[in-house]
Amino acid sequence: MPHFIVEHSANIKACDLLPFIDNAARQSGLFTGPDIQVRATSYENSIPAKFVHVQARIWQGRTVAQKLALSQAVGSALKSELEDTVVTVEVVDIDKATYFKS
């Protein structure tokens, strides 16, 4: 179950970001089913003044090439919609041995 956790400056609406991230994740071919989770938190005060950072937390076992492709797909989807915005994406492995879900 991938989690896409978005941090962004308050001058960007989360409702404008989340569909692009969800779509890029689904188009990546790395995930099946309805389990993709995308959520966002905004920050009133930040430098730079306009930013989006996405942390994609995915099951371990993907190759570096797969993770890079996911990062680039999400970043490109956002950058194509946002002008004058710093966009960053990182992909982090979830350790299955220590993950809990109820």
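Lys67 is found in helix α2, where helices are DSSP runs of H or I with at least four residues, strands are E runs of at least two, and both are numbered from the N terminus. At 18% relative accessibility, Lys67 counts as buried; buried means under 20% relative accessible area, exposed means over 50%, and partly exposed is in between, with a 1.4 Å probe and protein chains only. Setting aside residues up to four places away in sequence, Lys67 touches Ile58, Arg62, Val91 and Asp93, contact meaning heavy atoms within 4.5 Å.

Please keep in mind that this is a predicted model, in which local features need pLDDT of at least 70, side-chain atom pairs count only at pLDDT 80 or more, and totals for chains, interfaces and linings use all residues. Residues are numbered from 1 along each chain as its sequence is written, and side-chain values use heavy atoms, with hydrogens and water left out.

**Overall fold**

- The chain holds 2 helices and 4 strands, and their order along the sequence is β-α-β-β-α-β.
- A compact globule of 102 residues would have a radius of gyration near 13 Å, and the 14 Å of the chain agrees with that; the radius is taken over C-alpha atoms, and the globule rule is 2.2 Å times the number of residues to the power 0.38.
- The C-alpha trace spans about 40 × 25 × 25 Å along its principal axes.
- Taking contacts between residues at least 6 apart in sequence, 80% join residues at least 24 apart.

**Surface and charge**

- Buried residues make up 31% of the 102 residues of the chain.
- The accessible surface of the chain is about 6,200 Å², and 51% of this belongs to carbon and sulfur atoms; the areas come from the Shrake-Rupley method with a 1.4 Å probe, and for residues only the protein chains shown count as cover.
- The chain has 10 positive and 11 negative charges, and their mean positions are 6 Å apart.
- For that count, Lys and Arg are positive, Asp and Glu are negative, and His and the chain ends are not counted; each charge is placed at NZ of Lys, CZ of Arg, CG of Asp or CD of Glu.

**The nonpolar core**

- The largest nonpolar core has 20 residues, and Phe4, Val54 and Val74 touch the most other members; such a core is a set of buried Ala, Val, Leu, Ile, Met, Phe, Trp, Tyr and Cys residues joined through side-chain atoms within 4.5 Å.
- At least two residues of this core come from each of β1 (3-9), α1 (14-27), β3 (51-59) and α2 (64-79).
- In soluble globular proteins, nonpolar side chains tend to be buried together.
- Beyond its neighbours within four places in sequence, Phe4 is in contact with a list of residues including Ile21, Ala25, Phe31, Ile36, Val38, Leu70 and Val74.

**Backbone points to check by eye**

- Ile47 and Pro48 are joined by a cis peptide bond, with omega about 5°.
- Pro48 sits in the loop between β2 (37-43) and β3.
- Asp84 has a phi near 50°, a positive value in a residue other than glycine.
- Most residues other than glycine have a negative phi, and most peptide bonds are trans.
- The loop between α2 and β4 (86-94) contains Asp84, which is exposed at a relative accessible area of 74%.

- Ser76 belongs to helix α2 and is partly exposed, with a relative accessible area of 47%.
- From C-alpha to C-alpha, Ser76 and Phe4 are 15 Å apart in space and 72 residues apart in sequence.
- Lys79, also in helix α2, is partly exposed at 43% relative accessibility.
- Apart from neighbours within four places in sequence, Lys79 is in contact with Thr85 and Val87.
- Val52 lies 27 residues from Lys79 in sequence, with 9.4 Å between their C-alpha atoms.
- Ser80 lies in the loop between α2 and β4 and is exposed, with a relative accessible area of 55%.
- A distance of 9.8 Å separates the C-alpha atoms of Ser80 and Phe20, which are 60 residues apart along the chain.

**Pro34**

- Pro34 has its place in the loop between α1 and β2 and is exposed at 70% relative accessible area.
- Pro34 and Pro48 are 14 residues apart in sequence, and their C-alpha atoms are 34 Å apart in space.
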